[in-house]
Amino acid sequence: MATNKSIAAGLIRLHFHDCFVRGCDASVLLDGPNSEKEGIPNKNSLRGFEVIDAAKAALEAACPGTVSCADILAFAARDSSYKVGRIYYDVQAGRRDGRVSIDSETLTNLPSPFVDAKELIRNFARKGMSVDEMVTLSGAHSIGIAHCAVFANRLYPQNNQQNLPIDPEYADFLKSICPPEALTNGTGVANPANLDVLTPNKLDNKYYLALKSQKGLLISDQALMAHPTTAKLVNYNARYGSIWARKYAAAMVHMGTLDVLTGRKGEIRRNCHFVN
């Protein structure tokens, strides 16, 4: 991570995608033709596996069978948050690794980038997380990228729900990355754009300032300004960066406790890609 700060976004996302499907049990790391890695929200888009593998190898060499892959994911997300945002928080340990990973469960549990704020609120509520926590964790989009196929609907809306305000200059910039023909002939669907146009390599509250300026990259980002409750939280987070950082830390700690396995309910994998 010292040489590649962009991997921080991947590691934070990896932890989030793990915890929202079957809880924080490292099921997202398991290999297999029908594993979570192969689910539509994850396929060819998850990053950071090599960092987790390196950490696991070092820990197994020093303390065999002691630290779970699920704990490594949680620690990696925390260290990433500190590396790119100077946000530190203590991480609870003791998670066990799960033995089940099902591709179809990703679609039913992970929030879609194409939905409105009401659906995002419902999605987080199903996990026992509040509206404030949802808007706060959306701030993780202060770093990382998305591809043309994911943000195209922001430029070329398919329905009224997706027809959200967008800054004209920002729209022109994005259309240069993701022109209509990129979708029709498939040549540019993987073209990337930064999730945060202001400070794309720093985990901070500038993401919320971008939303206020109608420069949210995803439908699910800009939709936060279209709902009165979430818009109020966006404005608050945009104004009070240090408070947002503390809320982010607390929300990450909460997320890291979702449906964890302990004791005999799970295992400590020797290799994060396979059950023992």
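Buried means under 20% relative accessible area, exposed over 50%, and partly exposed in between, with a 1.4 Å probe and protein chains only. This is a predicted model, in which local features need pLDDT of at least 70 and side-chain atom pairs count only at pLDDT 80 or more, while totals for chains, interfaces and linings use all residues. Residues are numbered from 1 along each chain as its sequence is written, and side-chain values use heavy atoms, with hydrogens and water left out. The structure holds 3 disulfides, a disulfide being a pair of cysteine sulfur atoms within 2.5 Å.

**Cysteine 19 and cysteine 24**
- Both cysteines of this pair, cysteine 19 and cysteine 24, are buried.
- The sulfur atoms of cysteine 19 and cysteine 24 lie 2.0 Å apart in a disulfide.
- The torsion about their S-S bond is about 120°, so the disulfide is right-handed.

**Cysteine 69 and cysteine 272**
- Cysteine 69 is joined to cysteine 272 by a disulfide, S to S 2.1 Å.
- The link is left-handed, with -100° about the S-S bond.
- Cysteine 69 and cysteine 272 are both buried.

**Cysteine 148 and cysteine 178**
- A disulfide is formed by cysteine 148 and cysteine 178, with sulfur atoms 2.0 Å apart.
- The S-S torsion of cysteine 148 and cysteine 178 is about 60°, so this disulfide is right-handed.
- Cysteine 148 and cysteine 178 are both buried.

**Pairing and cysteine 63**
- With the bonded cysteines of the protein chain numbered in sequence order, the pairing reads 1-2, 3-6, 4-5.
- The closest cysteine sulfur to that of cysteine 63 is in cysteine 69, 14 Å away, which is too far for a bond.
- Cysteine 63 counts as partly exposed, at 38% relative accessibility.
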